[in-house]
Each structure stands twice: as C-alpha cells, then as structure tokens.
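Work through the exercises below with the sequence and the model open. Each task is followed by a solution in steps.

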Amino acid sequence: MKNTKHMKWLSLVAMLSFSLPAAALEEREFKSSDESKSFTATLTDYNAARKTATVTLKNGIVKSFDLSLLSEEDQKYVIDSADELAVSRSVSVSFKEVKGETTRTKSGLVRTRSTPTSYEIQVYNRSDKVIEDLEIRYSLYYCVGSSSATGPSHTPQVLKGSLIYPKLFGKYNETRATSEVVLIRESKKGVAPPVPSGGGGG
C-alpha cells in the first residue's frame, strides 16, 4: 500500500482583531431613554464635544445619534468607554510574511520542500498615552491536501492564536511573531510523459 503524502500551505492572515481590557468594542444590548425599545450593537465612537454616540448594528449598518436618546445606564457605559475607544483609534497594525530556511528531501522520484512560515505583526501606538495589556488575535488559513491521485481533496484548516503586548508606550511600535505553519511542496522528477493512445505506427 502506498503512503498518502500530505502537503499544506499558508494562504493568508485572514483576520486580526483587538481585545482591550475594558468592555468597549463588545456587542451589547442598548435601551432607549424610556427603556421601551432596545437594539443590539457595538459601540465604536463617542464624541464628547457633541455628545453623540456611534454604533455598528448586527447587520453592519453604522448609526450615530445623540447620547440623550439612550437610557441612563447606557449613557454611563458610553462615557466610561471613551478612553478605550480612544485607544482603539490610536493603534495601527501591520504584518508581513516571514519564511524560514527551506528543507529539501527526496524519496524515490518525489522531491519535497518544507518551509516554516509565520507572520510578524507590528503594532504602533500613535497616541502619547501608554497602552497596557493589548491583545491581537489572529487566524492563519491554509489547506491540507495529498500528492496522491487517490488521496483526500484539499481540506481547509485554520490556526488561531493571540499575541499580548503588555505595555505599548506612546509613539512606539513593537513587533511579535505568530505561530508557524510549515509549507510543504512536493513534485516528481524524471517521470516520462504519458504515451498517447490510439492508432498509428507501422
């Protein structure tokens, strides 16, 4: 019985998200000033000068309205979240692919190249304030398949992880690396092309 050779490759960083210490940026239920109506949304901004709040509804629609339209409890939540919202606006994230040394092996006609691959995620604090306990969550998507014609089809996989930045000073950036996924490429050498079937010759 032939062994089924598997290969996998990293396709992209599909998702990055922030996790702040407080409850800002989390979906919650808001109530109207008289508490007769409610809606579920995520608080995304608060303008203290204009006293307006901006939220993103579950369907992705963004709404801005006067803070007085919310219940007293929700007004307090919005005001208390102002600092965390300011932090989220002050952080920028960039990332780049990093490939390690490629290892080459062979077994019969099969040549295999294995390359450990990860991403470096750089976080920059544009503000003058110190940001503490910032968490970046990431997901690396790749496929696992087979070099055998009878092997399994490509199966999507995901590797999830997080990076903690304990203290990010103002106007300062810090870079940390994600976990690795090994990219495996297989090819066959010296295989003669198939002979066409059919008539001819003589």
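## Exercises on a predicted model

The protein, shown here as a predicted model, has two helices and 12 strands.

**Exercise 1. Locate serine 71 and decide whether serine 71 is buried or exposed.**

Step 1. Serine 71 sits in the loop between strand S5 (62-66) and helix H1 (72-80).
Step 2. The relative accessible area of serine 71 is 3%. The cut-off for buried is under 20%, so serine 71 is buried.
Step 3. Leaving aside residues up to four places away in sequence, serine 71 touches Lys31, Ser32, Ser33 and Glu35.
Step 4. The side chain of serine 71 also makes a polar contact of 3.1 Å with the side chain of aspartate 74.

**Exercise 2. Name the buried residues of helix H2 and find what covers them.**

Step 1. Helix H2 spans residues 82-90, and its buried residues are Leu85, Ser88 and Ser90.
Step 2. The cover over the buried residues of H2 includes strand S3 (38-47), strand S6 (91-99) and strand S8 (110-125).

**Exercise 3. Classify two of the aromatic pairs by their geometry.**

Step 1. A search of the whole structure gives four aromatic pairs.
Step 2. Phenylalanine 30 and phenylalanine 39 form a stacked pair, with 5.5 Å centre to centre and 15 degrees between the planes. Phenylalanine 30 is buried at 0% relative accessibility, whereas phenylalanine 39 is partly exposed at 27%.
Step 3. Phenylalanine 95 and tyrosine 119 form an edge-to-face pair, with 5.8 Å centre to centre and 70 degrees between the planes. Phenylalanine 95 belongs to strand S6 and tyrosine 119 to strand S8, so this pair ties together parts that are 24 residues apart in sequence.
Step 4. Phenylalanine 95 is partly exposed, at 40% relative accessible area; tyrosine 119 is buried, at 6%.
Step 5. Ring pairs also link Phe30, Phe39, Phe65 and Tyr77 into a cluster.

**Exercise 4. Which residues make the nonpolar surface patch of about 290 Å²?**

Step 1. The patch is made by Val130, Phe169 and Tyr172.
Step 2. Tyrosine 172 lies in strand S11 (residues 172-177) and is partly exposed, with 40% relative accessibility.

Conventions:
Residues numbered from 1 in each chain as written. Predicted model: local features only at pLDDT ≥ 70, side-chain atom pairs only at ≥ 80, totals over all residues. Heavy atoms only, no water. Helix = DSSP H or I, 4+ residues; strand = E, 2+ residues; numbered from the N terminus. Buried < 20%, exposed > 50% of the residue type's maximum accessible area, 1.4 Å probe, protein only. Polar contact = N/O pair within 3.5 Å; in protein donor to acceptor, adjacent residues only side chain to side chain. Contact = heavy atoms within 4.5 Å. Patch = residues over 30% accessible without salt bridge, like charges linked within 9 Å, V, L, I, M, F, W, Y side chains within 5 Å. Areas by Shrake-Rupley, 256 points an atom, 1.4 Å probe, with all protein chains shown as cover. Salt bridge = Lys/Arg side-chain N within 4 Å of Asp/Glu carboxyl O. Phe/Tyr/Trp six-rings, centres within 6.5 Å; stacked < 30°, edge-to-face > 60°.
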